[in-house]
Amino acid sequence: MVLASLLQSCVWLLVLPAHVFTYLGLWDSFYKKVFPYIMAKMAPAYNHKVCKQKQALFSNLRTFAGPSGQLTLLEIGTGTGTNFQFYPPGCRLTCTDPNPNFSKFLLKSLSENQHLKLERSVVASGEDLHQIPDGSMDVVVSTLVLCSVGSVQKVLAEVLRVLRRPPGRWAWPLLPPQQAVLVKYTCSDNAATSAD
């Protein structure tokens with residue numbers, strides 16, 4: 001019982017600064033500035049751990065290119081651009097993230113992945129992608145995003161709105177260490193399926 005109380009006190013002390021920042025109205029500003037640095041440090045280790053799964057997951061993206069032959073891809077919650085290395089050469093990329101402080105990390109990742117062409121970068125949440133035209137994307141990717149949005153339903157509605165019909169594809173990978181699950185939405189038959 002003493003150990004439990006000691007552990008509770010330690011946790012309380014650890015989160016106390018966050019509570020103080022929140023009370024003072026400074027947490028959002030602080031978090032938005034610090035979080036990109038944390039993600040930039042963690043991303044290489046994460047990508048190393050799931051490299052094979054991501055390669056398999058994104059290996060056939062080129063097959064979803066539109067009539068022009070160029071693949072248009074929207075990534076929701078791009079962050080530091082950790083998926084860029086897995087996208088096919090010549091991919092026309094549109095990036096969105098609600099945190100503008102990711103931009104310098106995004107530019108660094110683009111300079112390391114010159115096989116991609118950045119069409120535009122938009123500061124926007126997944127729930128409100130009004131800056132992206134209807135039916136303009138061949139593929140939409142969102143990794144590590146749906147767990148942090150206010151409304152999954154609004155994100156899904158935006159994904160369906162921006163996907164080209166048919167056969168637009170939405171890639172939402174769950175990447176535990178040993179497997180990758182791909183949930184894809186094919187507009188032509190309005191069916192959600194999962195594949196290993």
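**Close-up views of a predicted model**

Of the 196 residues in the protein, 38% are buried (under 20% relative accessible area, with exposed meaning over 50% and partly exposed in between, for a 1.4 Å probe and protein chains only). The model is predicted, and local features need pLDDT of at least 70, side-chain atom pairs count only at pLDDT 80 or more, and totals for chains, interfaces and linings use all residues. Residues are numbered from 1 along each chain as its sequence is written, and side-chain values use heavy atoms, with hydrogens and water left out.

**View 1. Overall arrangement of helices and strands in the protein.** The protein contains four helices and seven strands, which follow one another along the sequence as α-α-β-β-α-β-β-α-β-β-β; helices (H or I, at least four residues) and strands (E, at least two) are DSSP runs, numbered from the N terminus. Of the contacts with a separation of 6 or more, 65% are between residues 24 or more positions apart, where contact means heavy atoms within 4.5 Å.

**View 2. Strand β1 (residues 72–76) and its parallel partners, β2 and β4.** Five of the five residues of β1 are buried, with Thr72, Leu74 and Ile76 pointing one way and Leu73 and Glu75 the other way. In a regular strand the side chains alternate between the two faces of the sheet. Two strands pair if DSSP finds at least two bridges between them; β1 is joined to β2 by five bridges and to β4 (residues 139–141) by three. Leu73 stands opposite Leu93 in β2, while Glu75 has Val141 in β4 as its bridge partner.

**View 3. Surroundings of Leu73 and the largest nonpolar core.** A nonpolar core is a set of buried Ala, Val, Leu, Ile, Met, Phe, Trp, Tyr and Cys residues joined through side-chain atoms within 4.5 Å. The largest has 17 residues, of which Leu73, Phe84, Tyr87 and Leu93 touch the most other members, and α2 (27–58), β2, α3 (103–112) and β4 each supply at least two residues of this core. Beyond its neighbours within four places in sequence, Leu73 has contacts that include Leu61, Cys91, Met137 and Val139. Another core, of 15 residues, lies apart from the largest one and has Leu74, Val140, Val155 and Val159 among its members.

**View 4. Confidence in the model, from strand β2 to strand β7.** The mean pLDDT (the predictor's confidence in each residue, from 0 to 100) of the protein is 81, and 84% of its residues reach 70 or more. Where pLDDT is low, the predicted coordinates should not be read in detail.
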